[in-house]
Amino acid sequence: MFTQLRYFAIISLIFVALSAGLASVGFRNVISGDLQSLVNKQNVSIAQGYSNSIWAIYQGVLGKLFRLPDIDRWSDYKEFSQFDAASKGYFKNISISGVSLYSRGGKLIFSNKLGSLQLGTILPEKDKELFLEAIDGKIASNLRKGVAHIDVNGERSQKSLVVSFVPLFLPVMDKSVIAVLKIENDVTPEWKRVIAFQYISVGSVVIIFLLLITMLIVSSQRAEQIISRQHEANMELMAAAASAEAESQDKSQFLANMSHELRTPLNAIIGFSEIVLTSPDAKLIPQHKDYLRDINGSGVHLLSLINDILDFSKADAGKLEFDIADVDAVKLLKNSMRLVIPRAEQAQVTLIEDLPPKHFVFQTDTKKLKQVLLNLLSNAVKFTPPGGEVRVSVWHDVSVDTIMFQVKDSGIGIAAKDISKVMSPFGQVDSALSRKYEGTGLGLPLSKKFVELLGGKFNLSSVVGKGTTITISLPRIYNKP
Ligand SMILES: Nc1ncnc2c1ncn2[C@@H]1O[C@H](COP(=O)(O)OP(=O)(O)O)[C@@H](O)[C@H]1O
Ligand SMILES: [Mg+2]
């Protein structure tokens, strides 16, 4: 993108330089036209002045003379030297760089320049075109640039001249052109100014544009650097995230392996302690029987803890497998409640079923959802003081086609600040009140994870001292996430 920008900048610089050049050439042409016509007008008025004075006086006298074909003989006449002197006198005080008078035949009759020019010299080739126009009775002029010039000191230079050819008539009635006055006017300084202005304007446009483009290129380079640095930083962050992800996967894998290894000996401990306890042949003193019951109870507790850890790490590593089947929501809830009835009775907590008469079937993993419901129910019973109640309900939200489960207790509640804590693994509210309850702190995060992996939402709202409500919503039709 930035490369394109740079190309564009360079191409537009070329365009700007070209168009500035073209514009200035156009401008120069206009100015040269203006300059030429201005100076030409001046030349014409000089010529008219001459025509009205010197020329008008001598035309009659010299009329015959001018018609003579042999121009060399003109100077022999006394009238001619008077005419010559009068003409020189006229042009003496006028600031023009040169004036020459040519006969109709193109031969020099008079010149204010001394030396090199001789009477009778034939008109230079370059003047022919304009001269012929003047012979036709028109005033013709042009601007000549770079005309070689040698001044009185012999120094060479180049001059710019406006050269005008003005026809002179003889006599007034006749209207035929008898001679042509060539007036040269030096416009070197004016022309130099035009050229300088042209260079300055083109140059400044190009320089300003060049500056702009340099700024553009520099800032685009800077932007490019910033972007590439950002890109590098992003790549680093991505790499860090990937390695963190891998690390956490490793940890989850390790936990899964560990838990699996621990379950084997634990099953032996639970199984054999049970066998000994229930065996009629075992001769145990009552104290040893108590020890064995402790061993068995601890084993069962440890196993459930390990199972939770295993599930959690599996879920975290994305290795949990789901067994989706059609399930009767009401039945599932009833089955789960049955398992907490003894605990509720013991805790003197009333279990209230708020179930619809209609049964509805939906797709989910029965075992996992039952584990979730048991977690929620046992928490509700565990954290509700004697005399309290736990209300359980299920319904089908037809508008979004989801199955809703709700477990609502009138227990101790959870403070808003503690909610994120209890939702994270091993997080428990460490208050004197809840410390008296046993647990591992894995129930809620695991339940939330299961619900989410089943495509549902988990919502907890609670007020300290008033109770806790947990609502989960699951899609009726399971979609693999
Ligand atoms: N229904 C509830 N009422 C009040 N506190 C609760 C309730 N459910 C969970 N808690 C709080 O959240 C913590 C985490 O719960 P959980 O993840 O199920 O772990 P555990 O039950 O093993 O402590 C509990 O220790 C308790 O402090
Ligand atoms: Mg729990």
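**Ligand shell and sheet**

Helix H7 is the largest contributor to the shell around ligand 1, giving three residues. Helices here are DSSP runs of H or I with at least four residues, strands are runs of E with at least two, and both are numbered from the N terminus. The model is predicted, so that local features need pLDDT of at least 70 and side-chain atom pairs count only at pLDDT 80 or more, while totals for chains, interfaces and linings use all residues. Residues are numbered from 1 along each chain as its sequence is written, and chains are lettered from A and ligands numbered from 1 in the order in which they are written.

Around ligand 1 there are 20 residues, of which Phe-383, Val-422, Gln-428, Gly-439 and Gly-443 come nearest; a residue is near if its C-beta atom, placed from the backbone, lies within 6 Å. Two or more residues come from each of helix H7 (366-382) and helix H10 (443-453).

The sheet is open and has five strands in the order S7-S9-S10-S12-S11, with mixed pairing; strands pair if DSSP finds at least two bridges between them. Strand S7 (350-354) and strand S11 (457-463) are at the edges with a single partner strand each, so one side of each lacks a neighbour in the sheet. Strands S9 (residues 389-397) and S10 (residues 402-409) run antiparallel and are joined by eight bridges. Trp-395 is opposite Met-404 in S10.

H7 also packs on this sheet, touching S9, S10 and strand S12 (467-475); contact requires C-beta atoms, placed from the backbone, within 7 Å.

Key
Contact = placed C-beta atoms within 7 Å. Axes fitted to C-alpha atoms, helices over the stretch in contact; angles between N-to-C directions.
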